[in-house]
Amino acid sequence: MTRQKGELHPRNRHRSRYDLAALTRDCPALAGFIIQSPRGEDTIDFANPQAVKTLNQALLAHFYGVAQWDIPDGFLCPPVPGRADYVHHLADLLAENHQGAVPRGASVLDIGVGANCIYPLIGHHDYGWRFTGSEVNADALKSANAIIDANRLQARIRLRRQKTPGAIFTGIIHKNEQYDATMCNPPFHDSAAGAQAGNERKRRNLGLEDKPQLNFGGQQDELWCEGGEVAFITRMIEESKSFARQVMWFTSLVSRGDNLPALYRALEQAGAVQVVKKEMSQGQKQSRFIAWTFLDATARQRWAQRNKA
């Protein structure tokens, strides 16, 4: 199937308009946040963080069987459709080594699982993947564990605290462990000021310049790091060399296309055997992730045969 620009992945469950009546049946609290658009249609007040969080609760309940989901105030509230797209495009990448069939039960590492635990929830439901999630923030880890426990997913999703500042895979990938893929939504701002400027742009786009400040979520570790996403992903690339035989595909979101040349240079210097870019889009928003491997096609085929689920 050929996708048009702005379309979500063909397997994405969110390609149609929100059925608010169906969502409200699975999450009655959503009814309190439905408003009338200027055209007289039911919609959600996307300028209200609590409305957005409740919409996420409804989407996760309706489409993914997540009966209980919540995050503490101040943490990143992810857009479910866009996060699902990353999962589905990653599934396509893994399918290339499985005769075109998405592998069930693949082992995936989510770097920076966050308080929301969103990638493991989607990947487990849609593909039966087993997840390990890493996290540096103790409060985020506590929140994600609460989601896992509330939905009885302890056998499919496990979490590990990253205790070493600056480390990404070290201390998380244990000896003799193997992962079919890693995922990451890296911090993309290079400073707190940059993150604040991004928040102000979002407020302007929503027409909120003259309204009280609203917290749309996001801790420092989620939003910014020194050097921004280029520095973070470059560090990830460098560290991935030490785990070249334990991971088939390393992947990371890249928010800005003009950051790609620097990352491609880092991948060449690291000796990546193959590099893939997957373009994604949601309406006017364009995104992408890059994937790299240190295994050649023959080695990946052997891996797939050895790890058939």
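## Aromatic pairs

Tyr127 and Trp129 are both buried, a term that denotes under 20% relative accessible area, with exposed meaning over 50% and partly exposed the range in between (1.4 Å probe, protein chains only). The model is predicted: local features require pLDDT of at least 70 and side-chain atom pairs pLDDT 80 or more, whereas totals for chains, interfaces and linings use all residues. Residues are numbered from 1 along each chain as its sequence is written, and side-chain values use heavy atoms, with hydrogens and water left out.

Nine aromatic pairs are found in a search of the whole structure. Rings of Phe, Tyr and Trp (its six-membered ring) pair if their centres lie within 6.5 Å; planes under 30 degrees apart count as stacked, over 60 as edge-to-face and the rest as tilted. Phe63 and Tyr64 form a tilted pair, at 6.4 Å centre to centre with 55° between the planes. Phe63 is partly exposed at 23% relative accessibility, whereas Tyr64 is buried at a relative accessible area of 4%. The Tyr127 and Trp129 rings are stacked, because their centres are 5.1 Å apart and their planes lie at 25°. One aromatic cluster is formed by Phe169, Phe243, Phe250, Trp292 and Phe294.

## Overall organisation

The chain contains 10 helices and nine strands; these are DSSP runs numbered from the N terminus, with helices (H or I) of at least four residues and strands (E) of at least two. Of the 309 residues in the chain, 52% are buried. Contact means heavy atoms within 4.5 Å. Among contacts in the chain with a separation of 6 or more, 70% are between residues 24 or more positions apart.

## Helix 4

Helix 4 spans residues 118–127 and is mostly covered, with eight of its 10 residues buried. These buried residues are Ile118, Tyr119, Pro120, Leu121, Ile122, Gly123, Asp126 and Tyr127. Just after helix 4, Gly128 adopts a positive phi of about 70°.

## Packing of helices 8 and 9

Helix 8 (residues 228–240) packs with helix 9 (residues 260–270) at an angle of about 15°, and their axes are 10 Å apart. Helix 8 is therefore roughly parallel to helix 9. Axes are lines fitted to C-alpha atoms, for helices over the stretch in contact, and angles run from 0 to 180 degrees between N-to-C directions. Angles under 35 degrees count as roughly parallel, over 145 as roughly antiparallel, 65 to 115 as roughly perpendicular and the rest as oblique.

The crossing of helix 8 and helix 9 is right-handed, meaning that the near helix is turned clockwise from the far one by less than a right angle. From helix 8, Val230, Ile233, Thr234 and Ile237 meet Ala262, Leu263, Ala266, Leu267 and Ala270 of helix 9. By class, this contact has eight nonpolar residues, one polar residue and no charged residues. Ala, Val, Leu, Ile, Met, Phe, Trp, Tyr, Cys and Pro count as nonpolar, Asp, Glu, Lys and Arg as charged, and the others, Gly among them, as polar.

## Two strand residues

Ile34 belongs to strand 1 (residues 34–36) and is partly exposed, at a relative accessible area of 26%. Apart from neighbours within four places in sequence, Ile34 contacts Leu20, Thr24, Asp42, Thr43 and Ile44.

Lys278 lies in strand 8 (residues 274–282) and counts as buried at 15% relative accessibility. Apart from neighbours within four places in sequence, Lys278 contacts His89, Asp92, Leu93, Glu96, Ser287, Arg288 and Phe289.
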